[in-house]
Amino acid sequence: MNGWDEWAISIATFLPLVGALVIILVPRDKDRLVRGLGIAVTALAMVVAIAIAIGFDYGSGSGLQFEVNLPWIPVIGARYHIGIDGISLPLFVLTFVLSFLCAIYTWRYVPSPGKTKAFLGLMLLLETGMAGTFIAFDLVLFFVFWELVLVPMYFLIGIWGSANREYAAIKFFLYTLFGSVFMLLGFLAMYFRATPHTFDLIELQRFGASGGFSHGFQLVAFGAIALGFAVKVPMWPFHTWLPDAHTEAPTIGSVLLAGVMLKMGTYGFVRVALPVLPYGAQKYAPWIGLLAAIAIVYAALACLAQKDLKRLIAFSSVGHMGFVMLGIATLTSIGINAAIFGMVAHGLITGMLFFCVGSVYDRYHTRQIAELGGGMMQKLPHLGGIFAFVAIASLGLPGLAGFWGEVMALLSSYDPAAVLSGQVGIFRAFMVAGGIGTILTAGYFLWMLQRVNMGTLPDKWKDSPFPDVVSVEWISWVPLLVSIVVLGLFPRLLFGVTDGAVNVLARLFGG
Amino acid sequence: MTQAIDYHAILPELILSGTIVLVLFVDAFVKKRSWVAMPLSLLGVIATLVATLTLIGSNRVTFGGMYVVDDFAVMFKTFFLSVAVLVLAISLRYVRDGRSYQGEYYFLLLISFLGCVMMPSSRDLLSLFIALELVSAPGFLLAAFRKSDLRSNEAGLKFFLIGVMSTAVMLYGMSLMYGVTGTTRLVQIGVALAGPLTQGQETLALAAILFIMVGFAFKVSAVPFQFWAPDTYEGSPVPVAAFLATASKAAGFAGLLQLMFVAFPAQFEFWAPIFAVLSILTMTIGNFVALQQRQAVRLLAYSSIAQAGYMLLPFALVSADQAVNREAFAAASTYILIYAIMTMGAFAVVTAVSTESRALPFSDFNGLTKRAPFLAVAMTVFMISLAGIPPTAGFWAKFLIFRAAIDRGGIGVTLAVVMLVNSVVSIAYYLAIPRAMIFNEPERDRPLSSPVLVTGVAVISLVAVVVIGFYPELLYHFPPLSTLVGR
């Protein structure tokens, strides 16, 4: 094993943190330099991440690659154990790509009240936290990275958000923290139940697979951990922080929140909760499926009632994450593959939708659908066209990325894992609910397009000198648009990565 | 009976006492330049610190067992003296600008620290009592040091009345304990209480333990003996409040640790549940009242009450299992040290802000990011650390307590859940000052001119909080914390 294999993912993860420290040292008046540095640092980190993806051995199936396992805090048994496998690689790369595109977007737009240095510094800190979560294989390390994202996001919402930002920021912080402290409790419980005591995920999995955790314990521990993840996802009924946080957050904040942070929750289920506590997963699966089905239908209905464009997209996230959770709840290989696909697709599509909404607001200075009044295709044909394209991708049109995650999640719930054979009927009911949800989803997205894009342009906007999509926007959006099409046409690109690791996981449930 | 006194063992106390006498003369003889009291004190404290460091690794017993210097004692002494350096640093400008008697101020402050330094070595009810009173008595005067300010007078009076009452109760407890066991040495009390006791002796011993606990509960501002803390902190000079919240409180805990783990471990079934109740009440009431606060020092006062609740939690975990006890002991001592660092840093920033306005409502912090970016960032880190968000030192402190609690099982899990919920609630008020600093526009335009020494204290605390946050292993390079447990 050479130095690159050991340190590549550490370099990628901590490069943004170093970049943040460098940015702090730049004098305040060198605004352009700061923005340039932000792009350079995220670009460099992304290059490293892509190099990792290229060097990743796709043939080996499961097993950690680029693994490092060093003592970190010996007294409490926490180790610096990081690595990457088929489940984490797509999300890891997604983190760096989205952060880079956000940094490019920041070249033109830094939301009021400015403070570019702090803005980019916090964004880079956020990037380190998110990337670290996807590579940590030690629960303490995982928890530290998990919480590391809270503070920067709090400030991103609280300082650069819109009118009701302080309320949204503190609500986001308290909700997530409340969930995660119970998660920590669950982690500690697992640590003490395992012999020998360990926070190491791989060893805990081995211990769990050998039946080390009693059934009663698994139910309690799974409940505690799932609460932490569920708030982050967010699953209905823990979702109420999300519409507020998304609506008030600046564009970059929304993109990263939807694009990456929500995935930390679903990833947590796949990475920690399912493999370590399979019995707990099996017992909770129908309930998770139920909440997911409720989320899909509820979110779609809520979307139909939204007047604020950004809030509508935020609620649509709840629905999409419902599909992801439904896939996970089936405990099948197809379902979990679908979930990971859904996470990536949602990251690309919803990230892109928030970019669009940000740009719409940047021009109209309102996000109220009624005030926009329609006719965007006339006024801003490019922006309108992109918006329509992404909205249609989001509603799950076959051939685009949004389709695969949803359809396969529904497919898998027709035939859940062997351990859930007693609940097949229930899961089929969830499938029907999900199907109704997709119809409603198509309904609200098309209705939204009808109200925003179609129709005639209201007089008040006729003479406004709105620029259509500008070059910075093109640069930061094209990669996303291309990926949406490519993943839609060649889903194998992603399934090929995840399949090996997912199959190993699904075997726990007789899949 | 003549006994050889181990002068090396008490060298730190001797040097500090000498310094105290010198400082007292400053006001009398060099009145014109009474600011020299501060450098003089600082020199003395540093010399004391050096003397303490020569004792590392030694295990000395003197005064017939009343006074012990071991790893536990040296660690706490080093800690107290470091805090003393920091408190002196933030005092200089505050006291000089306050036009009060500087010699007197430093004289009283150093006596309090002398008590602190004696505390972890005192393994006898008598020396423990003397140490505790040495910490408290000058504190009463210091709290009332801003003589012309009514609030300061109130601060001193409240502190004095409640302090004296609890001292009386504690002394009564100590006398009962002597009556039961016939000794004042902690180790011998431990032996006597672990042996067979008649029904009457048992009852008396339990009553004595309860009374002694009351005295210390006052010292560490545990509910229901916390009433004095917010008013006293608010009325005192800010550096004095910093002292009360850090060194004075830590001294109380150092004493409590020795009493509970050396003298009374046999009766844990009696006192562990009491600590559980005290801990829950203290953290919950502290946190929920803190939510209502609109003044910086009062906020820190209620924060220090809530934090005391967390520190009391490990006491409630004590059981017959020595491994768990050792873990609880280590968790409690580590928490105290980390808490003191965070709180010291926060008080340094408050001291800097107090150069402009002594009232210190949150609005004084408005827009501090623009006026003093470093202090604003430092304060934010301290607050996040106090709330226990990783990766800061405060998180690891809480983590150790959770760990010990979960390991204990039973009541431990319940306590951990209560503490978890509390620490989520606490984030709501810990973010209040950062909110004012970052989200609000400044009320004054010119930059805040913070005294160099005060900024220095903030820097030191910030570095400690961040470094421990990223590399918590550092803490465990200290001598084993659990030297007192299970002997």
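Helices (H or I, at least four residues) and strands (E, at least two) are DSSP runs, numbered from the N terminus. This is a predicted model: local features need pLDDT of at least 70, side-chain atom pairs count only at pLDDT 80 or more, and totals for chains, interfaces and linings use all residues. Residues are numbered from 1 along each chain as its sequence is written, chains are lettered from A and ligands numbered from 1 in the order in which they are written, and side-chain values use heavy atoms, with hydrogens and water left out.

**View 1. F63(B) sits in the loop between β1 (60–62) and β2 (67–69) of chain B.** Its phi is positive, about 50°, although F63(B) is not a glycine. F63(B) is partly exposed, at 34% relative accessible area (buried means under 20%, exposed over 50%, partly exposed in between; 1.4 Å probe, protein chains only).

**View 2. H365(A) lies in the loop between α14 (333–364) and α15 (369–372) of chain A.** H365(A) is not a glycine, yet has a positive phi of about 60°. With 57% relative accessibility, H365(A) counts as exposed.

**View 3. A cis peptide bond joins W236(A) and P237(A).** Omega is about 5°. P237(A) belongs to the loop between α9 (215–232) and α10 (241–248) of chain A.

**View 4. P390(B) and P391(B) are also joined by a cis peptide bond.** Here omega is about -5°. The loop between α15 (373–387) and α16 (393–408) of chain B holds P391(B).

**View 5. K249(B) is found in helix α10 (residues 238–263) of chain B.** The side chain of K249(B) reaches the backbone oxygen of V220(B) at 3.4 Å.

Key: A polar contact is a pair of N or O atoms within 3.5 Å; within protein, one must be able to donate a hydrogen and the other to accept it, and residues adjacent in sequence count only if both atoms are side-chain atoms.
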